Amino acid sequence: MEDEERTTTGSNASVESKEITHQEIKGDDPAADPKNPKNWTSLRKWGNFSIVFLNAFSGYFTSSVYMPATEDLRDYFNTNLTVINATIALFVLAMAIAPLFWAPFSEKIGRKPVYVGAMAVYTVVTIVCAVSNSLALFFVMRVLQGVFSSAGMTVGGGTAADMFHPHERGKAISSLTLSTVLGPAISPLLGGYVAQNLGWRWIFYICAIIGGLILLANTVLMSETLYRPTRTEEEKPMTIKERIAYLKFDPLRGLRLLLHLDVFLMCLPTAIGFGWFYFLVTILSPTYADIYHFDTGSLGLLYLTGGVGNCLGAFSAGQASDRVYIYLRNRSTDGKVKKEARLIPLYAGIPLLVAGSLMYGWFLHARLHWFAPLVGIFLMSLGTMYTLVITATYLVDTYLPFSASVTASATFTRNIMAMVFSLASVSIRARLGDSWSYTLGALMNLFLYCLCVPIVHIYGERIRKAYPWWQRRKK
């Protein structure tokens with residue numbers, strides 16, 4: 001077992017409240033223990049993780065599945081496009097805040113109960129979305145959808161840390177992070193044709209059916225992965241009072257992790273990049289409808305370009321992250337690798353992200369053939385996913401005992417920016433046009449990535465060893 005998984009930094013511990021128990025921060029246990037998920041067979045690990053992927057995928061799939069049907073929803077509820085886009089933004093906002101609760105809760109009671117409970121409620125509220133006759137009810141149900149569908153992505157980071165060794169973790173995190181952008185890329189394809197042939201309500205009926213199938217898999221096929229080797233029967237809560245006390249958790253843990261400079265600096269550029277990606281997908285349908293006069297079904301096909309880019313970005317990032325780690329470990333005399341080595345491959349994704357944004361905006365401005373801007377979407381999607389995966393892998397490796405909480409920190413910042421940019425997408429495009437809107441996005445991404453990543457890459461270890469700034473001021 002790698003040494004990095006047995007130790008935690010002093011700054012990690014400073015984040016936590018006194019509720020953190022010994023078994024939560026102890027680290028890995030003997031490799032011979034068959035109950036340790038890290039010692040499961042590869043088939044069992046990836047079989048279990050495939051269900052986790054589906055849980056994470058369902059949330060982001062639902063966030064954008066009705067984007068090609070926004071005009072239908074606008075007409076049905078007799079409102080404007082900005083209000084309909086607000087239902088997407090509120091969904092993403094719920095997905096930003098809820099993980100702050102799901103992550104520490106899963107670190108307290110286990111991963112599986114969170115997956116099962118959240119997916120059960122998600123399925124019910126999705127059915128209510130389908131039968132909604134008022135805009136107010138639709139808004140409320142969309143917020144609840146966001147709350148309960150967010151558990152998969154957040155707890156999934158903890159599950160990846162539970163089951164996989166460092167040299168395997170890049171592929172696992174890449175698979176999980178793929179769900180965050182593969183959902184918005186693929187779901188509009190289905191939503192477009194369903195809305196065109198069956199009506200917008202069937203979009204949500206189909207989501208409910210998918211949720212029910214995932215709930216069945218969670219209940220029957222999923223195994224618990226939170227490993228607590230030191231816990232004995234005497235330590236388990238027996239009375240009602242003990243059980244209530246045991247269920248207490250700290251929902252602010254994820255926010256406090258953002259006060260760590262290394263976490264904040266890595267979350268900031270990925271959040272802005274993800275926000276601009278959501279900016280693109282939120283107004284992709286009206287953009288192509290206005291310029292190229294695509295119908296509802298054809299608009300859904302456009303999102304496949306982003307899906308291909310996302311898949312390639314996730315696969316290449318997972319491969320690059322793990323291969324760099326293995327290469328450096330083999331060259332090391334003591335078998336240890338600095339955590340910041342995970343960031344070396346990230347630099348390759350920045351030019352793709354910037355170039356894709358510029359190409360898409362200016363190709364639209366020049367009114368080139370409809371296929372040309374799709375090249376920009378492909379490169380932007382590839383760069384977004386590539387940088388997201390490597391950042392997520394670095395954060396999980398660095399804050400391993402609190403992997404679900406640090407994943408919640410990253411999810412919170414990403415979804416806040418996705419909400420902001422999706423809400424502002426229509427007005428920004430109206431003011432700046434396609435060319436300068438995406439030029440602004442390219443410049444923001446270039447500046448933040450080139451500023452934040454080198455700081456963490458060079459000084460990350462020193463930053464983690466230092467006291468958090470609020471404790472240093474007290475001293």
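A residue is called buried when its relative accessible area is under 20%, exposed when that area is over 50%, and partly exposed in between, with a 1.4 Å probe and protein chains only. The structure is a predicted model, in which local features need pLDDT of at least 70 and side-chain atom pairs count only at pLDDT 80 or more, whereas totals for chains, interfaces and linings use all residues. Residues are numbered from 1 along each chain as its sequence is written, and side-chain values use heavy atoms, with hydrogens and water left out.

The chain contains 19 helices and zero strands, where helices (H or I, at least four residues) and strands (E, at least two) are DSSP runs numbered from the N terminus. Of its 475 residues, 57% are buried. Contact is taken to mean heavy atoms within 4.5 Å, and among contacts between residues at least 6 apart in sequence, 86% join residues at least 24 apart.

Two packed helices are described by the angle between their axes and the distance between the axes. Axes are lines fitted to C-alpha atoms, for helices over the stretch in contact, and angles run from 0 to 180 degrees between N-to-C directions; angles under 35 degrees count as roughly parallel, over 145 as roughly antiparallel, 65 to 115 as roughly perpendicular and the rest as oblique. The axes of helix 5 (residues 81–97) and helix 8 (residues 135–149) come within 7 Å and cross at roughly 30 degrees, and the two helices are therefore roughly parallel to each other. The residues that helix 5 brings to this contact include Val 83, Ala 86, Leu 90 and Phe 91, while those of helix 8 include Leu 135, Phe 138, Arg 142 and Val 143. By class, this contact of helix 5 with helix 8 has twelve nonpolar, four polar and one charged residues, where Ala, Val, Leu, Ile, Met, Phe, Trp, Tyr, Cys and Pro count as nonpolar, Asp, Glu, Lys and Arg as charged, and the others, Gly among them, as polar.

For helix 3 (residues 42–64) and helix 5, the axes come within 9 Å and cross at roughly 160 degrees, and these helices are therefore roughly antiparallel to each other. Gly 59, Tyr 60, Thr 62 and Ser 63 of helix 3 make the contact with Ile 88, Phe 91 and Met 95 of helix 5.

Ser 132 is placed in the loop between helix 7 (111–131) and helix 8, and its relative accessibility of 0% means that it counts as buried. Beyond residues up to four places away in sequence, Ser 132 touches Tyr 76, Phe 77, Leu 137, Phe 138, Trp 200 and Arg 201.

With 36% relative accessibility, Leu 446 counts as partly exposed; neighbours within four places in sequence aside, Leu 446 is in contact with Ile 350 and Val 354. Leu 446 and Pro 351 are 95 residues apart in sequence, yet their C-alpha atoms are 8.0 Å apart in space. Leu 423, which also lies in helix 18, counts as partly exposed at 39% relative accessibility.
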